[in-house]
Amino acid sequence: MRNGVSRAAPWAFLIAAAVLPLLLASDYQLFQLTMVVVYAVAILGLNLVTGFNGQISLGHGAFYAVGAYVTAIMMDKWDAPYWATLPVSAAICAGVGFLLGLPALRLGGLYLALTTFALAVATPQLLKYKLVEDWTGGVQGIVITKPDAPFGLPFNADQWLYLFSLTVATVLFLLAANLVRGRIGRAMMATRDHALAAEAMGIDIALLKTRTFAVSAMFTGIAGSLGAIAIQFVAPDSFSVFLSITLFVGLVVGGVASIAGPVFGALFIEFVPNIADQVSKAAPGAVYGVILIAFMFLMPSGLAGFLRGLLRKAVRSIRPATPSRSTEG
Amino acid sequence: MNGLLHQLVSGIASGGIYASVALALVMIYQATHHVNFAQGEMAMFSTYIALTLIEAGVPYWGAFVITVAVSFVIGAAIQRVLMNPMANAPVLASVGIFIGLLLMFNSVAGWLFTYTLKPFPSPFGEGPPLFGGFVSRHELGSTIVTLIVLLTVWAFFRFTRLGLAMRAAAFNPVSSRLVGIPVGSMLALGWGLAAAIGAVAGMMIAPVVFLDPNMMSGVLLYAFAGALLGGITNPLGAVVGGFMVGVIENIGGAYIVGTELKLTLALVIIVVVLVVRPAGLFGKTVVNRV
């Protein structure tokens, strides 16, 4: 019975998430919710490599930036329709991720964290570089226009973009859930939990890690594309190392190695800094720092893990476990 | 030619700073296999402490000594309070704490001291450049200070009982504990030393780049590159790597990629090292026994 509930819950949540904001939220609130969806996808990408495969990336902001810029350049230079930019940025980000993963993931340990951290710090510089200025618009960035709803659907631009992002995100979440449930997902987790044993089982761990990293970069790149369309603007300084760190905070707060976790993480990184910002400019950073350390000590499985624990307790108190089960554990 | 020589000299001067931070990183890495992503922000925060003292009227070298001592205490306290309970936690936990520390130091510094660029005094005077105009007074002075620091650290680890005990604790904690070395205190001491070295590096680089809460992010990156280039398992290698990165950065910035891509150079060095020689120039290749 619990199984049925836990299977239906995401769908009920999804329908509520699609319908309620259209009825209740203002345009600005819809924009915020669109960004929550965008961040959820970005964190989901990070979660695939860091949560499920155990390889720590501190530079996913760079892939987010690549996705955003691919979309912005295609829409600005070639008048490409917004939806057609998503597959392109997915392919490019996967390629970049694969190439960067090759050297960094051959070795275990913290080498990926170091390399991606360096990438994140260098990203704004690369985007401002003179040789690519014709494409990227340099420091000025690129302004793009928000698409209208197609086929004469009765939605305004914000509502349509929210529904579009939600649809893309749903597909990506389903893909990710299937990926980690299947053979490859088990191989990913085996590599995370015991690389040596995984290798002995016949998993090519270097290749698996690099592929996972590529898929993860692809997810985050698509999020970057959606984010660029929602914000209607890309500029180098919005993709600083702080973005990568923000995604990392979202991952930890939401729940490492959880498919639902990124949603909580995204809600956190979208709304908490706005509240903290009212206190002082330094407050969001301080809040992130304190929360990150507090979660490491108190709630290492994040909000998703915490809620799962609560739910389990609640279910157990409503429906006492069968005798055979209670002896087991 | 003169230009090249000048770039070489300032490369060595900034290389000394990178070498110090790289050494601090490698010390912690050797003892705990953690890479301290907050090392740069800790150094930045120490530099603000120094500036506050100087502005309060403490003479430069007095402020210098107090700052180093305070940084030592902060470093050791972080190890005791935050890192010690996490000794056996997964890598993600330690990285999370380091990133948390990075954010906290950065925002607390921004909150206490504002985000505006501040000039930081150089103890070596403003006078004209020395040796026919190649070396500014500060470059010479800061290089000498970093060399003194590096030599002191080396001598400490090489010739003192405490240094030997710390090396033993890093090399084999279990056996060290059996022969009576308080391993936990040794780790805290190592953290304190690393923070103190970082503080010196911060105070030496601040007159060049000006002080602001993001001052050290570039330095930290070059220190990573230096540590990897020299070999993250070898302190001496990390120091040499740090100097090399300083020279590469200055000459590359002046003649090859231009100043806009200087940080990217660090990324390139890291990637090239990982592709060509992952153990670094002087590091040992780690072989796991199955």
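Which side chain meets Arg192(A) in a salt bridge? The partner is Asp193(A), with 2.9 Å from N to O. A salt bridge here is a side-chain nitrogen of Lys or Arg within 4 Å of a carboxyl oxygen of Asp or Glu. Side chains of opposite charge can pair when their charged atoms come close.

This is a predicted model, where local features need pLDDT of at least 70, side-chain atom pairs count only at pLDDT 80 or more, and totals for chains, interfaces and linings use all residues. Residues are numbered from 1 along each chain as its sequence is written, chains are lettered from A, and side-chain values use heavy atoms, without hydrogens and water.

Over all chains, the structure holds 3 salt bridges. Take Arg192(A) again. Its relative accessible area is 30%, so Arg192(A) is partly exposed. Asp193(A) has 55% and is exposed. Buried means under 20% relative accessible area, exposed over 50%, and partly exposed in between, with a 1.4 Å probe and protein chains only.

Now turn to Asp237(A). This residue forms a salt bridge with Lys128(A), and their closest N and O atoms are 3.1 Å apart. Asp237(A) sits in the loop between β2 (233-234) and α11 (241-254) of chain A, while Lys128(A) belongs to helix α5 (residues 111-128), so the pair ties together parts 109 residues apart in sequence. Helices (H or I, at least four residues) and strands (E, at least two) are DSSP runs, numbered from the N terminus. Asp237(A) is partly exposed at 49% relative accessibility. Lys128(A) is partly exposed at 30%.

Chain B has a salt bridge between Glu249(B) and Lys262(B), at 3.1 Å from N to O. Glu249(B) lies in helix α10 (residues 235-255) and Lys262(B) in helix α11 (residues 262-276), 13 residues apart. Both residues, Glu249(B) and Lys262(B), are buried.
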